[in-house]
Amino acid sequence: DYFLASQARLAAGALAALQRMCNLLSPDTSLASGVKPPDSEVAAFQAWYSARCAAPRVRAVEFEDASRGRGLLATEPIAAGEPVVAVPWRCVISVDAALQSRLGPLFASLDLDEERVLMLFVVSELNDPNTEWAPYWNVIPQEFSSPLLWPFSDLMQLEGSSLLDDITLAKESLREVYDELFPHLSVAHPEAFPAEVFTFANFLHARCVFDTRCFKLNVDGRNHNCLIPMADMVNHYVDGNVSYRRYDVPSESVMLMCLRDIPAGAEIRMNYGLLQSWESLLQYGFVDGNNCEDSVHFSVSPEEDEAIAVELLERFELPTEHLLPVSGRPAPQLLAAVRCCVAD
């Protein structure tokens with residue numbers, strides 16, 4: 001019965017994977033619906049983007065369904081392999097942008113790693129109404145569903161899970177970084193880092209901005225964590241129609257490339273990655289239903305007096321910690337470890 005059930009799950013998983021592949025290879029014929037008229041913030045951001053990017057092919061919109069928030073629609077047909085979004089590097093929020101800002105000389109004089117420079121820069125930018133990026137910051141959500149911001153009563157719903165430990169550790173680590181920087185920086189450089197702006201609450205908010213919108217990009221052989229205006233408004237779907245991003249040297253811009261043909265009026269969509277639900281919740285603040293990437297942590301730990309099991313696990317170099325997929329057959333190493341533990 002177990003064998004038949006596992007084979008049925010495998011067949012269902014293979015069929016679902018085949019369907020996803022067919023979807024990816026087929027043109028995207030779905031047109032977006034339920035779009036609100038552009039408000040002043042969205043219109044201002046669109047104008048800001050259009051003034052800096054040659055021949056924009058997308059427009060920012062807000063959906064009537066609040067769970068979808070804001071996103072992007074194609075304004076013209078886009079063929080597979082063509083750029084959907086092209087953002088000049090000078091418009092990207094990165095360490096380079098931080099070092100070229102008014103705080104650049106101070107950042108250069110401080111002994112800080114790139115992550116800390118970016119966090120300080122984002123806090124400063126989010127609280128500066130006169131910044132060049134103001135239209136972009138104005139369309140970023142003011143509230144996030146990240147578990148880093150959940151009240152204690154909500155976190156207690158996760159009691160007994162490893163996710164609660166991960167959330168606690170992430171928040172404690174962020175607090176340690178903040179305490180390394182403040183109040184020292186506010187005392188030493190009050191004009192650059194005013195205490196009323198560089199609070200832990202604002203630091204935490206900046207972290208959520210980065211967790212939910214950050215792209216990792218290689219530019220001229222250097223890896224960058226950065227925010228890419230317009231590109232970071234693409235919503236997540238399992239069957240996305242855009243795929244990879246790349247830095248285009250001739251135009252000195254970041255491009256988001258089309259995976260399959262997109263008609264005018266369709267929503268631009270991207271798969272954020274092969275993440276389990278707990279990873280998606282921790283980073284982005286949401287989970288997918290029926291996530292085929294989900295697995296359950298499974299520990300195979302024989303007691304100390306079970307000498308045969310301990311010896312077999314060591315002899316065959318089998319791990320005691322495993323991930324059990326919610327669909328499909330358990331990995332051979334897990335089955336082997338279980339057999340060792342029940343051996344007489």
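Is Met230 buried or exposed in this predicted model? Met230 is buried, at 0% relative accessibility. The close-ups below start there and then move on to other spots in the structure.

**Close-up 1. Met230 and its backbone angle.**
Met230 belongs to the loop between β5 (222–226) and β6 (235–236). Its phi is positive, near 80°, and Met230 isn't a glycine. Most residues other than glycine have a negative phi, and most peptide bonds are trans. With a relative accessibility of 0%, Met230 counts as buried.

Look for Glu317 in the loop between α12 (307–315) and β11 (321–325). Glu317 counts as exposed, with 68% relative accessibility.

The peptide bond joining Phe182 and Pro183 is cis, with omega at about 10°. Pro183 sits in the loop between α8 (162–181) and α9 (184–188). Phe182 also turns up in the next view, as one of the members of an aromatic cluster.

**Close-up 2. An aromatic cluster with an arginine over one ring.**
One aromatic cluster takes in Phe107, Tyr178, Phe182, Phe193, Phe198, Phe200 and Phe203. Over the face of Phe200 you'll find Arg175, 4.4 Å from the ring centre. For another arginine over a ring, go to Tyr237: Arg269 lies over its face, 5.0 Å from the ring centre.

Tyr136 and Trp137 make a tilted pair, 5.1 Å centre to centre with 50° between the planes. Tyr136 is buried, with a relative accessible area of 0%, and Trp137 counts as buried too, at 5%.

**Close-up 3. The β7–β8 hairpin.**
Strand β7 (residues 242–248) runs antiparallel to strand β8 (residues 253–258), and the two pair over five bridges. To get your bearings, pick out Arg246, whose bridge partner in β8 is Met255. The hairpin has four residues between its strands, and Glu252 takes a positive phi near 50°. In a regular strand the side chains alternate between the two faces of the sheet.

**Close-up 4. Cysteines without a disulfide.**
A search of the whole structure turns up zero disulfides. Take Cys91: the nearest cysteine sulfur is that of Cys53, 5.6 Å away, and Cys91 is in no disulfide. A pair of sulfur atoms has to lie within 2.5 Å to count, so the 5.6 Å between these two sulfurs rules them out. Cys91 is buried, with a relative accessible area of 1%. Cys208 is likewise buried, at 1%.

The whole structure holds 15 salt bridges. In one of them, Arg222 meets Asp96, with the closest N and O atoms 3.5 Å apart. Arg222 is in strand β5 and Asp96 is in helix α3 (residues 95–99), so the pair ties together parts that are 126 residues apart in sequence. Arg222 also forms a salt bridge with Glu114, at 3.2 Å from N to O. That link runs from helix α5, where Glu114 lies, to strand β5, so it ties together parts that are 108 residues apart in sequence. Arg222 is partly exposed, at 35% relative accessibility, and Glu114 is partly exposed as well, with a relative accessible area of 38%.

Arg213 and Asp232 meet through their side chains in a salt bridge, 3.2 Å from N to O. Arg213 and Asp232 are both buried. Elsewhere, a network of salt bridges links Asp39, Glu41, Glu62 and Arg70.

Key: Residues are numbered from 1 along each chain as its sequence is written. This is a predicted model: local features need pLDDT of at least 70, side-chain atom pairs count only at pLDDT 80 or more; totals for chains, interfaces and linings use all residues. Side-chain values use heavy atoms; hydrogens and water are left out. Rings of Phe, Tyr and Trp (its six-membered ring) pair if their centres lie within 6.5 Å; planes under 30 degrees apart count as stacked, over 60 as edge-to-face and the rest as tilted. Buried means under 20% relative accessible area, exposed over 50%, partly exposed in between (1.4 Å probe, protein chains only). A charge sits over a ring if NZ of Lys or CZ of Arg is within 6 Å of the ring centre and within 35 degrees of the ring normal. Two strands pair if DSSP finds at least two bridges between them. A salt bridge is a side-chain nitrogen of Lys or Arg within 4 Å of a carboxyl oxygen of Asp or Glu.
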